[in-house]
Amino acid sequence: MSKLTTIIVPAYIETRLSAHITMACLANIVKYTNPEEYELILIHDVPQHPVRDDYKVFKEVGMREIILNERTNYSTKMNMATKEAKGDYFAFIQNDCFVWEGWLPTLRYYFEHDLVDAIVPDQTPRSREYIEQANAVSMEEGLKGGNRDACMIMISKNAFGRVGGWNDNLQVFTEADFYERCGAAGIRLCPTNKVAVTHICLA
């Protein structure tokens, strides 16, 4: 049986725009991911607008929505969600990030072939030529491309425990701190250009 990935989407929802962006983020996860491969957790605090599910898209996949009654750090929300997670892998996806077809099986390849402990998809705007070149290289060669940005990281549950989770004291530069502590813990953290996601930098 394939291992489960817990997808964790932390959010602040203070405007109608951020609510709609969050719904679009979640909708892309559902649309482009096989339901048996993941569980989905949305965690947000003191929302000013609801995350609507008029067509029961999120309900179909059993999305769990955790709403906190007081404002918390972004890092705290992610740590709290991991305590509810059942997965062998954690995929942390900001609510202004959009995934596309094949993203999860491709990222999981690196774990299943023991090439990484944590992986970051390419998150930079790219030309069509660059994407075609990335598609043409092997999975292993893909580890030589891509970049590390803030909108998404996937890590094994074991490696996450070795790092000690996210720094609860941080609201900004959370990912930079996490990358540094991954290095200190000997975590094999790599970018890949075999998966490209879209980050619109709203949240």
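This is a predicted model: local features need pLDDT of at least 70, side-chain atom pairs count only at pLDDT 80 or more; totals for chains, interfaces and linings use all residues.

Reply: Residues are numbered from 1 along each chain as its sequence is written, and side-chain values use heavy atoms, with hydrogens and water left out.

Let us start with helix α1, which covers residues 16-31. Helices (H or I, at least four residues) and strands (E, at least two) are DSSP runs, numbered from the N terminus.

The next topic is burial. A residue is called buried under 20% relative accessible area, exposed over 50%, and partly exposed in between, using a 1.4 Å probe and protein chains only. The buried residues of α1 include Ser18, Ala19, Ile21, Thr22, Met23, Cys25, Leu26, Asn28, Ile29 and Val30. An α-helix has 3.6 residues a turn, so residues three or four places apart point the same way. Among the elements that cover the buried residues of α1 are β1 (5-11), β2 (38-45), α2 (57-60), β4 and β5 (97-98).

Val30 counts as buried because its relative accessibility is 17%. Not counting residues up to four places away in sequence, Val30 is in contact (heavy atoms within 4.5 Å) with Tyr38, Leu40, Val57, Phe58 and Val61. The C-alpha atoms of Val30 and Val99 are separated by 9.6 Å, although these residues are 69 places apart along the chain.

A disulfide is a covalent bond between the sulfur atoms of two cysteines; here the term is applied to sulfur atoms within 2.5 Å. The whole structure contains zero disulfides. Cys25 is in none, and its nearest cysteine sulfur, in Cys97, lies 6.3 Å away. Cys25 is buried because its relative accessibility is 1%. For Cys97, the closest cysteine sulfur is that of Cys151 at 3.4 Å, which is too far for a bond. Cys97 is itself buried, with a relative accessible area of 1%.

Rings of Phe, Tyr and Trp (its six-membered ring) pair if their centres lie within 6.5 Å; planes under 30 degrees apart count as stacked, over 60 as edge-to-face and the rest as tilted. The whole structure has nine aromatic pairs. One of them joins Phe92 and Phe160 in a tilted arrangement, with 5.6 Å between centres and 35 degrees between planes. Phe92 belongs to β4 (residues 89-93) and Phe160 to helix α6 (residues 157-163), 68 residues apart. Both Phe92 and Phe160 are buried. Trp166 and Phe178 form a stacked pair, 4.0 Å centre to centre with 20 degrees between the planes. Ring pairs link Phe90, Phe92, Phe160, Trp166 and Phe178 into a cluster.
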